[in-house]
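Colleague: I am new to this structure and would like a close look at one chain, beginning with the confidence assigned to it. Please go on from there to the other chain.

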Amino acid sequence: MKTNDGFVPITAIFYAVFHPIQGTKIVHQVPEDAIGGLTEIEQDKDVLFNFDTVKNYIIPKPHLCNRLVSFKIKEHKVVGFPVNIEGSRYARNSFNFNFGFVFPYSANTMPYEAAIARMGKMFQALEEQSNLLSRLDKEQIFFSGEHENLALGSAIEYTPGHERIQKILMLSIESLIHQVYQDLNNYSECCIPIDSATSVDIKLFPVLPPPVDLHAYQVPVLTVKLHLFVDVACDPTMIRILPYINGVNSVRRISELADADYSLTKQCIQHLMHYQCIILVDIFQFSNIYAPTNRIGEFLRAKGMAEDCQAYVVSANSLADFNSLLLSSLTPQSAATPVHDAPSGLAALHSRDNLYKSNPISNSTSAQTPASSSPYLRSAIGSAGGGRGRLEIKIPSKASLFFLFRLLSQGQTLKEWYIQHQKQLQNIDIRRFINFGVIRGIIYRVHTYPILESTTRSLENHEPAKNDVNRLIAHLERGLRRSKDQSENSGAIKTILIDNGDGTGVKEKRTVSFNYHVGTSRRASDLISESSLRTENVDLDVFESESDESDTGEHFNTGRGIVLSGPKGEKLTESEQLEDLEDLRKLAELLKNFQHFDSICTELQKPRGDVERLLDRMGEYSIINA
Amino acid sequence: MSYNLPNPSLVGLLLAVSTHNGPQIVYHYPPELGNQKLLLLNPDEEAANDDDFDDEDYVEDDSKSMSSETSATNDVGAKFLDKSSDLAGVDADAGSTKLKKLNSATTEDFKSRKETDSSTKGQILGFEPEILAEMLSPPREMCNCRFDIMLESMVFLGLPIHAQPDGSWRPQKARSFRTAARSESVGHGVSAGGSVGHRGSVDDTIDEEPSEPKSQSALSMFNLVFVMNPPKIERSYRTDEMFYYVILKLMFILRYEQHKRNYMWEQVKLISHLKEEFAATPPEDRDYSLSSYLLSGLLLCKMMNHCFASLVASRVAHLNINNKLHSFQIPLKMEFHSLPEVSTPYVPGSYLSSTASFLGETGLVAIGETVRYSGSSLIDQVLGTDIADEQEDDLDEDEYLTSSDELLHLGLLLWDDPETIIKEIKAKSSSPIATFIRMIRPTESLLKVYSRLEENYEGRNDLNISSVREFALHLVHWRKARMIPPLNTRGIYIISPMAPIGSRFKRDIAKFNLHFPTIPSLPLFLKSLSTRSKKPRQFATIIPSKDHKDIYLLALAWLVRYGYATQLHTYIWLKVSRKIKMKVEEELEMELGKVLKRGSKSYQNNSEASVTENKIQTAVDNSSKQAGAASAETIEDEIDKLQRRLENAQNAPDIVMEDDSDTILVDPGRASNMERRWINQIIHKECELSPELTAVFYKLLKYMNGRNSLELLLLKENITRAELRKLLLSIESHVISVRHW
């Protein structure tokens with residue numbers, strides 16, 4: 001019993017008034033004889049309910065009027081907006097009416113309620129202005145004698161500028177409710193003129209739950225091509241952030257990249273979430289842990305899921321080959337443009353992946369999967385160079401996809417999983433593979449929580465303070481004061497140190513400052529290939545370790561690089577100590593609330609490795625995977 | 001917000017009765033209900049109304065100040081403030097609104113005092129009690145069934161109980177109505193409302209009391225109305241919850257009491273009497289409010305207060321109704337079989353386990369939902385029609401053991417000390433349920449508990465297996481226990497993804513330490529559960545020595561109880577490799593002496609189909625979806641590009657399906673002929689199982705569908721661990737296993 005839009009159809013509509021002599025009665029109703037009084041029931045007519053039973057709810061006491069009233073009668077729900085208008089012109093000094101909408105009791109009437117209330121209020125205003133409803137009675141029974149002329153006189157008025165149109169178009173309530181009934185049930189909207197200035201306009205909208213609270217570390221994935229909707233009327237923040245919603249960037253990161261206010265970004269994304277344009281996933285990292293849920297069996301059983309997965313996860317590099325081929329042969333200029341405005345065919349379909357692949361700030365794939373990224377480069381070069389042979393894109397079989405999903409498990413990072421199953425994963429885009437699993441609920445992210453020993457102890461012993469952390473912070477504060485004194489004396493040395501520094505290193509530093517994602521990738525690459533990738537000098541390694549760097553601090557980088565070979569925390573330069581202190585304070589606060597690593601890293605804008613190092617300094621901690 | 005979180009959204013309770021003096025509100029709780037005004041739907045309008053009504057408020061105040069001397073100063077103050085704000089003029093707009101707010105606050109205060117002083121005149125929710133009483137005393141045709149009236153967003157929910165035409169209260173088949181009686185009562189209502197004060201009508205009742213002792217006819221209807229203000233989106237769900245879990249049960253009990261002992265009428269009379277008495281004592285003599293006065297004396301009022309307080313706090317309400325104890329609750333959703341979506345909130349400490357779905361089938365336990373607002377209504381959920389995912393409905397029930405059998409293989413984990421629970425449920429310490437509770441161990445299945453009961457009480461035991469099941473469900477339903485797969489040191493336990501780290505951790509660290517001072521702290525204990533080895537290990541591996549076994553199991557029970565840990569179960573499927581299929585095919589050929597390519601054909605077709613499907617998908621995807629929304633030129637662009645792409649189609653790479661070499665049997669219990677042959681091939685030719693193992697294999701075959709946990713099968717099918725291990729080892733290469741909760 002549902003219309004296409006999912007709105008429950010109206011069972012009946014009636015218009016009831018309080019008749020000065022007969023009391024509350026139904027004047028018109030659609031369908032005819034849907035609701036009856038005692039006489040109809042005695043005649044064994046098939047009515048929805050006995051009107052006499054509920055007439056005190058249809059036209060209630062004046063105190064209860066002028067508000068939305070709905071009540072249950074038998075298996076039906078009547079929603080109405082009883083109106084009470086007082087005035088000496090009326091026979092009983094007041095006029096009461098109600099448009100009642102009857103629904104099945106179990107129906108969701110929410111979409112209708114606002115419209116019904118609005119309709120009631122509008123007719124209240126019309127009645128107050130021009131006695132629109134009360135004078136419809138042929139015998140003018142609603143009026144006390146002396147006002148009769150007034151009622152008749154107003155009918156001939158004309159609206160200025162609308163000379164041709166008679167003021168009253170609406171001939172009867174009967175036709176009005178009939179039309180409302182038909183239109184709402186068939187089209188979920190209606191637009192019925194009453195006079196030149198007013199009309200009954202109703203459009204039903206589904207009532208959606210209020211948006212949920214987002215976290216900075218969550219990653220939105222678009223489910224529709226939003227860039228196609230962008231027009232001038234769009235919210236400026238929305239326009240700004242759209243290019244960065246690519247399934248890789250977290251909410252916080254999007255706001256940074258788009259240079260938009262975080263809270264505004266969050267609101268925008270909440271809106272997108274509200275209208276189901278995005279799905280939330282977690283930050284993709286190779287240090288993540290995933291494990292199957294109880295719904296993993298659905299991959300085998302549910303219709304279409306395995307096929308969807310095959311279509312979705314096909315390795316981006318093979319598709320990138322495909323794309324670059326197409327792009328180079330068709331629109332060579334668009335290959336270089338940002339992907340979001342290259343809607344051509346597959347490029348649009350896989351735009352996220354292109355961005356993900358080509359964006360230097362994306363996660364560690366380039367370092368982690370040299371095997372998969374190099375063909376992309378090669379192919380790009382190849383296609384730019386000219387003709388090339390036919391490609392073959394292998395789509396992994398369902399069974400092998402299922403094997404790969406089931407092989408994920410608690411206690412095993414994605415990196416380990418990848419290394420083990422590299423061969424099977426050749427044609428699979430791992431990020432897409434994981435996202436597919438997470439979104440379909442067949443795997444889940446195992447979050448990692450660092451818990452400080454000192455926190456535990458203080459909680460167990462009901463001590464308020466976290467001694468270790470406080471001590472550390474106090475210690476750093478002291479150190480800061482000391483180094484301030486020193487720095488005043490040692491300005492000369494620093495300038496020399498700048499010259500010592502590796503110029504390129506400093507430059508690189510500048511470009512990546514405030515980029516924690518870069519840090520992540522670096523860090524990860526350090527882990528994976530250890531020293532093999534970077535056999536340069538020690539200084540650079542030190543650069544990696546701190547990614548938050550203000551421009552003023554830059555000068556001290558190289559200096560610190562040298563000094564830092566000593567014990568940590570003792571001889572840091574001033575600005576770093578300040579930052580350090582700030583970070584530690586933040587971290588202590590986050591730890592107090594038992595946040596997981598994703599959250600901490602996002603808040604501190606640091607890669608996990610750095611956070612771990614900070615944690616080390618704060619004392620012992622345990623890692624919990626949940 | 002989500003259906004997973006409790007949200008009773010209860011604002012207050014009203015008791016409306018209808019006597020031959022007309023309807024009246026006898027009692028309402030909480031007393032603050034008098035101060036609240038009905039929320040208006042539209043905030044703008046509210047603001048507008050505020051201005052309009054200000055004057056009226058003061059008029060009201062005037063009349064009140066005349067009637068009561070004590071508040072005169074207050075009133076004058078309010079007036080003064082009002083005047084001053086007027087004097088301040090337009091430029092001090094912000095100030096004046098502030099003052100207005102102040103004004104309304106003082107008037108509210110004033111009203112509330114007024115209300116407690118003489119509640120007979122106090123408004124309820126901004127209405128005169130007479131009007132509410134009339135609204136809440138529906139005509140007989142609307143009685144004895146669900147009563148649901150909504151004013152703006154405020155829902156008045158109840159089950160009005162009307163006396164039968166013959167004056168009895170016994171439930172009868174709904175009879176045809178009598179208009180005469182109804183119009184009479186309506187007439188009374190009209191006359192009683194407005195001019196005649198509430199107190200007057202009370203007087204009347206009391207006067208008549210001696211003349212009609214125990215008269216049944218004096219009370220014609222009573223309606224305990226639950227006033228609720230749920231969020232719009234949750235309205236129907238929350239009202240359904242309240243109605244089916246509380247109102248329906250409560251009102252039937254009240255009807256029974258009224259029928260048997262005239263309980264409601266006696267109480268109503270007492271309330272009126274006490275009100276009278278209260279009004280009689282001079283105001284300076286009393287240092288208590290009317291509501292507390294009523295509370296001290298009356299069971300019914302106490303019951304209503306208690307009911308309100310418990311329900312608002314989402315606790316179980318143990319209500320004393322005519323000296324009999326009844327319990328009501330809106331069940332908490334603390335058992336989940338699937339992990340809720342990221343943005344779906346849930347009660348901290350919820351337990352995650354596939355076994356929860358067995359519980360859901362009993363209808364006694366509410367199962368958490370994975371999405372914030374599921375489409376299914378509460379009734380569907382209660383009746384269990386919507387619990388299983390639609391996609392999983394394709395299997396018949398006979399595939400599984402019925403849930404009642406299943407439940408007996410689960411264990412029971414008490415949420416508290418056995419003796420505390422026995423005291424709380426007010427069971428006698430020698431009663432069967434008390435004995436049962438004392439016997440419960442989280443490490444033992446109900447069946448085992450039962451057999452121990454039998455041993456201990458040979459013959460004298462009046463418990464049978466179905467009452468064990470009943471008791472267990474009773475304990476689970478009333479939030480005293482949780483059903484879990486029996487704890488076992490050989491089980492693999494992980495930290496539940498729903499573990500309340502972040503929400504409850506602070507409190508629980510201290511609690512854990514208090515309970516188990518001798519073992520590592522909660523974070524360390526959890527750390528040991530989340531090892532960085534490749535796969536989670538058996539619980540036994542983290543127990544340092546044999547002596548620690550018991551305490552570690554207790555700690556584990558604690559973790560499960562607070563939702564920190566859950567057990568990983570093993571689920572298996574049969575996998576048929578290409579080799580097997582080829583062999584079967586060869587055999588078939590030999591048998592039939594002719595070429596039969598059915599098997600191979602079918603999966604070739606399959607892969608071909610998906611190739612084409614894939615191509616279509618990629619082709620469609622880029623052009624469709626929101627193409628309509630795109631501006632005309634982009635469409636043209638796109639068409640252009642499409643054309644060019646088609647021209648270049650010969651350059652496009654081939655999309656090739658990797659061979660689907662393995663087939664996973666989704667439902668071996670209902671294998672087709674070909675599948676049976678494959679299975680036979682596996683067990684007889686490939687693995688050459690011994691006859692014993694073959695028997696075990698066939699016993700387990702129907703469970704190799706990825707839905708039945710091996711851990712539970714061990715308990716259910718009477719197979720030893722050794723046998724199972726042997727079997728799994730020998731068919732290892734033909735089995736896929738997955739571990740999840």
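Modeller: This is a predicted model, and chain A has an average pLDDT of 71, with 65% of its residues scoring at least 70. Within chain A, the lowest confidence falls in helix H24 (residues 538-545), where the mean is 33. The highest is in strand E4 (residues 76-80), at 93. Two stretches of chain A deserve a separate mention. Across residues 162-168 of chain A the pLDDT remains under 50, and the model gives this stretch eleven contacts beyond four places in sequence. Residues 328-389 of chain A also have a pLDDT below 50, and here the model contains 106 contacts beyond near neighbours in sequence. Where pLDDT is low, the predicted coordinates should not be read in detail.

As for its make-up, chain A has 28 helices and 15 strands. Of its 626 residues, 45% are buried. Taking the contacts in chain A with a separation of 6 or more, 67% are between residues 24 or more positions apart.

In helix H27 (residues 597-604) of chain A, seven of the eight residues are buried, so the helix is largely enclosed by the rest of the structure. Those buried residues are Phe597(A), Asp598(A), Ser599(A), Ile600(A), Cys601(A), Thr602(A) and Leu604(A). After H27(A) comes Gln605(A), which has a positive phi near 55 degrees. Helix H19 (residues 453-460) of chain A has as its buried residues Ser454(A), Thr455(A), Thr456(A), Ser458(A) and Leu459(A). H19(A) is followed by His462(A), again with a positive phi, near 55 degrees.

Chain A also has a cis peptide bond, running from Val30(A) to Pro31(A), with omega near -15 degrees. Pro31(A) sits in the loop that joins strand E2 (23-30) to helix H1 (38-42) of chain A. In chain B, the peptide bond from Tyr29(B) to Pro30(B) is cis, and its omega is near -5 degrees. The loop holding Pro30(B) runs between strand E2 (22-29) and helix H1 (43-67) of chain B.

Now to chain B as a whole. It has 27 helices and 17 strands, and 37% of its 741 residues are buried. Of the contacts in chain B between residues at least 6 apart in sequence, 74% link residues at least 24 apart.

Ser9(B) belongs to the segment before strand E1 (10-19) of chain B. It has 20 C-beta neighbours inside 10 Å and therefore counts as buried. Asn323(B) is in the loop between strands E7 (317-321) and E8 (324-328) of chain B. With 8 other C-beta atoms within 10 Å, Asn323(B) is exposed.

Helix packing in chain B comes next. Two packed helices are described by the angle between their axes and the distance between the axes. Helix H7 (residues 235-261) and helix H8 (residues 263-280) of chain B pack at about 90 degrees, and their axes are 6 Å apart. H7(B) and H8(B) are therefore roughly perpendicular to each other. On the H7(B) side the residues are Leu254(B), Glu257(B), Gln258(B) and Arg261(B); they meet Tyr263(B), Met264(B) and Trp265(B) of H8(B). By class, this contact has four nonpolar, one polar and two charged residues.

Another pair in chain B is helix H21 (residues 578-592) with helix H24 (residues 673-686), whose axes come within 9 Å and cross at roughly 100 degrees. H21(B) contributes Ile580(B), Lys581(B), Lys583(B) and Val584(B), while H24(B) contributes Arg677(B), Trp678(B), Gln681(B), Ile682(B) and Glu686(B). The contact of H21(B) with H24(B) comprises four nonpolar, one polar and four charged residues.

The UniProt record, an unreviewed entry, places the feature "domain: GATOR1 complex protein NPRL3 C-terminal HTH" at residues 672-736 of chain B. Over those residues the chain is 65% helix and 3% strand, with 20 Å between the end C-alpha atoms.

One more residue of chain B is Lys511(B), in helix H18 (residues 505-515). It is partly exposed, having 16 other C-beta atoms within 10 Å. Lys511(B) and Glu711(B) are 200 residues apart along the chain, and their C-alpha atoms are separated by 31 Å.

Definitions and conventions:
Residues numbered from 1 in each chain as written. Chains lettered and ligands numbered in written order. Predicted model: local features only at pLDDT ≥ 70, side-chain atom pairs only at ≥ 80, totals over all residues. Axes fitted to C-alpha atoms, helices over the stretch in contact; angles between N-to-C directions. Helix = DSSP H or I, 4+ residues; strand = E, 2+ residues; numbered from the N terminus. Contact = placed C-beta atoms within 7 Å. Nonpolar A, V, L, I, M, F, W, Y, C, P; charged D, E, K, R; others polar. pLDDT = per-residue confidence, 0-100. Buried ≥ 20, exposed ≤ 12 C-beta atoms within 10 Å, placed from the backbone. UniProt positions renumbered as here; feature names shortened; annotations may be inferred. Parallel < 35°, antiparallel > 145°, perpendicular 65-115°, else oblique.
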